[in-house]
Amino acid sequence: MTSYAQDAYTPDSRAGDAAGLDDELAEERRYVALCRDAMTRQVEDAGLQVTEGQDVSGDGASAEALGRYLRTRARDMAQEPDSPLFFGRLDFDDAPETGDHRRQRYYIGRRRVSEHPAAPPLVVDWRAPVSRTFYQASALEPQGVAVRRRFGWAPLSSGEPKDLTGMEDEHLDRQEDVPAGASRIVAAEIERPRTGPMRDIAATIQPEQDDLVRRELADSVCIQGAPGSGKTAVGLHRAAYLLYTYPQRLQRSGLLIIGPNQTFLRYIAQVLPALGEIDIAQCTVEDVVAHHPVQAVDGELAAAVKQSHRMAAVLERALYSRVTAVPDGITVPDGSYRWRVYGDELSRIVEEVREQAPPYAVGREHVRSRAVSLVQEQAERRAGPKNMTWQRKIGRCRPVAAFLDAVWPTVRAEEVVAGLLGDAEALARAADGLLDADEQAALVWDRPPRSVKSAKWSAEDLLLIDEVAGLIERPGSFGHVVVDEAQDLSPMQCRAIARRSGFGSLTVLGDLAQATAPWAARSWAEQLAHLGKTQGTVTELTTGFRVPAAVMSLANRLLGALDVDVPPARSLRQDGELTVRQVPDLLSATVDAARRALTQEGAIAVITADAEAERTAEALRAAGLEVATSEDVGTAARLAVLPAKVVKGLEYDHVIVVEPSAIVAAEPRGLHRLYVAVTRAVSRLDVLHADPLPEPLAG
Ligand SMILES: Nc1ncnc2c1ncn2[C@@H]1O[C@H](COP(=O)(O)OP(=O)(O)OP(=O)(O)O)[C@@H](O)[C@H]1O
């Protein structure tokens, strides 16, 4: 049974029962008022704790962190006095077996609201265990729920804050539920105009999405999802869920979100704070390995080789080529004694440590301590027990240090990489059987720098440095890492992420059909192996929440030509418009299309081949239109002109794709790029072309 108070939507109508509905709505509004009061007190309390926080914490740094946290919380709450306090209600069946005939009732919202910390919540956090039922219960499996109520919030008039305006009930106890496609409240959320950055979907998470959001922390999950199927949304909500459910473990080890570029990170930046999570590291994979500024650009072949997994083996060989044969035995002075350790004994130590394959720096220390043990055995036989201070002294004495520096020298990652790129012979030795002659030639620097310090590194070099640094010393592992647009990661980028999640788990999000990088993944099994999580499970999402059916069918025609093992997507949305027009003058047609688009609500993107973006933006500006660029996505003018390379992950109400054949021709995986471009549209897609359309779209 669905009831909509403002705008009654009643398949099983209670027509004539409008008065009853109004009463119920009035009752719910009273509950809103109660929650608002409690919320106001929470804000005041948080403000108070800010002041007190500075006095109670132990040291300056933690006082600052605590103060910052509390201030942010107080600010968030203060900024949201009118935001919907809850979006759902669950009424559970009576429990006659316990003699309890009151219906247990829970309101579900983005954050917990209570009159004081120890009181039962007025609103339960969407991540709490009981909230799972809100997302999962169905007529087939009611899970004890009698009625699920969804609330609609909207401003009563324009400019007003949002108010409770409607509700939909599903009587699961009478086997009635409303499929997602038929729910007015879900439809309103999906079809709302997009302005500004991405928003959370806590109110309308679908059961298959909820399943993924709530997987356990230890599970590594990989989500292959059609465009607009909610991969990014699921990844961000999973991050928020994990932080709520495993606070201690994740506070210790941390949670990291990796996105494809800064434009994308700006676009998603608001979702986690809106869900109550602040201070979560969000960065690109380039940021992860940013040991130095990028000051050089590699040629195509050099870049491709450096991104390939074969490079990992080359680097490992190069690093361990520094571990050399033991010259001779050593003599260690110790007061009036001289201890002799023979070369074959030392060789055995080095060999055994090498076999154990610890990180390089740890290996060096193992060799040192085992050499000291050999000395210690002799010393103790002759002169009695030796303590730690003695061991440290022997470990640092000149003969032992010289032996170590000879057979297992300390080394910096930059030196190893520069040693390869600056020396064709060294590279040939390390790359023998792994890279062919052309590949090796592409890697060697034309003009080696005078010193490692003055080397100018490319983006790919930083990956090599990170790989070697990881062999020397393992970096700390995050408890969980969410990786978006993971189909585009190269094997070496995957390895950089694997090093940072070795003891943690991963949420891997992507779409093989949207893979545009030259080294992009062909299968998830392969990508998971590079990410160090072969045990990760792959789940498909095929229902699109963004792209209307008409646009999706155009995209599915492209999909057929992409040679990827991905099922066609279906859209939940029957609205939307698609036009494909051949025009004599692209620029003036683009200006006209943009003008028409501006007469409607929402955000508009003009997507062109990379080389055409600037010219197109100028033409629109010359026509008097205000135009944003990729730098101010989600913040400035409604109309943005974007090169095709930055639109991955973004969405716009109205998309104008200009000259598809130029987008396709601009790069080897141009058809994939076009697939990404056309699937950015939420409501309307205009395709403008002067040249013939690419093959799969023609005819
Ligand atoms: N359950 C849902 N309820 C309402 N909106 C949803 C839901 N799931 C996804 N959406 C919306 O659909 C749009 C697409 O979601 P999202 O960007 O997460 O998809 P995606 O799979 O990452 O897309 P792409 O592959 O194109 O990057 C977003 O506006 C998101 O808010």
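Is Glu485 buried or exposed?

1. Glu485 counts as buried because 26 C-beta neighbours fall inside 10 Å; the cut-offs are 20 or more other C-beta atoms within 10 Å for buried, 12 or fewer for exposed, and partly exposed in between, with C-beta atoms placed from the backbone. The residue lies in the loop between strand E11 (480-483) and helix H21 (491-499). Helices (H or I, at least four residues) and strands (E, at least two) are DSSP runs numbered from the N terminus. Leaving aside neighbours within four places in sequence, Glu485 is in contact with Gly259, Pro260, Gly510, Lys648 and Gly649, a contact being a pair of C-beta atoms, placed from the backbone, within 7 Å. Glu485 and Leu509 are 24 residues apart in sequence, and their C-alpha atoms are 5.8 Å apart in space.

2. Basis of the note. The model is predicted: local features need pLDDT of at least 70, side-chain atom pairs count only at pLDDT 80 or more, and totals for chains, interfaces and linings use all residues. Residues are numbered from 1 along each chain as its sequence is written.

3. Overall composition. The protein chain contains 27 helices and 20 strands. Of its 699 residues, 42% are buried. Among contacts in the chain with a separation of 6 or more, 74% join residues 24 or more positions apart.

4. UniProt, in an unreviewed entry, lists residues 204-548 as "domain: UvrD-like helicase ATP-binding". UniProt positions are given in the numbering used here, feature names are shortened, and annotations may be inferred rather than shown by experiment. Over residues 204-548 the chain is 50% helix and 12% strand, and the end C-alpha atoms are 18 Å apart.

5. The unreviewed UniProt entry places a "binding site" at Gly225, Ala226, Pro227, Gly228, Ser229, Gly230, Lys231 and Thr232. Gly225 is found in strand E6 (residues 221-225), whereas Lys231 is found in helix H6 (residues 231-245). Gly225 is buried, with 26 other C-beta atoms within 10 Å; Lys231 counts as buried with 25 C-beta neighbours inside 10 Å. Apart from neighbours within four places in sequence, Gly225 is in contact with Gly230, Lys231, Asp511 and Leu541. With the same exclusion, Lys231 is in contact with Ile223, Gly225, Leu509 and Leu541.

6. Nonpolar cores. A nonpolar core is a set of buried Ala, Val, Leu, Ile, Met, Phe, Trp, Tyr and Cys residues joined through C-beta atoms within 7 Å. The largest has 162 residues, of which Val468, Ile497, Ile607 and Val678 touch the most other members. Helix H6 supplies the largest share of this core, eight residues. At least three residues come from each of domain 1 (17-192) and domain 3 (564-697), the bounds being taken from an automatic or database domain assignment. A second, separate core of 18 residues includes Val341, Ala371, Val375 and Trp408.

7. Parallel sheet. Five strands form an open sheet in the order E16-E20-E19-E17-E18, with parallel pairing; two strands pair if DSSP finds at least two bridges between them. Strand E16 (577-582) and strand E18 (639-643) stand at the edges, each with a single partner strand, so one side of each has no neighbour in the sheet. The twist averages 15° from one strand to the next. Axes are lines fitted to C-alpha atoms, for helices over the stretch in contact, and angles run from 0 to 180 degrees between N-to-C directions. Strands E17 (residues 604-608) and E19 (residues 652-658) pair over four bridges, and Val606 has Ile656 in E19 as its bridge partner. Helix H24 (residues 586-598) packs on the sheet, touching E17, E18, E19 and strand E20 (681-689), and its direction makes about 170° with that of E19. Helix H25 (residues 613-622) lies across E17, E18 and E19, running at about 160° to E18.

8. Hairpin. Strand E9 (residues 330-334) and strand E10 (residues 337-341) pair in the antiparallel sense over five bridges. They form a hairpin with two residues between them, and Gly335 in the turn has a positive phi of about 60°.

9. Backbone points to inspect. Most residues other than glycine have a negative phi. Gln143 has a positive phi of about 50° although it is not a glycine; Gln143 counts as partly exposed, with 14 C-beta neighbours inside 10 Å. Glu659 also has a positive phi, near 50°. Glu659 is placed in the loop between E19 and helix H26 (660-665) and counts as buried, with 22 C-beta neighbours inside 10 Å.

Notes. Contact = placed C-beta atoms within 7 Å.
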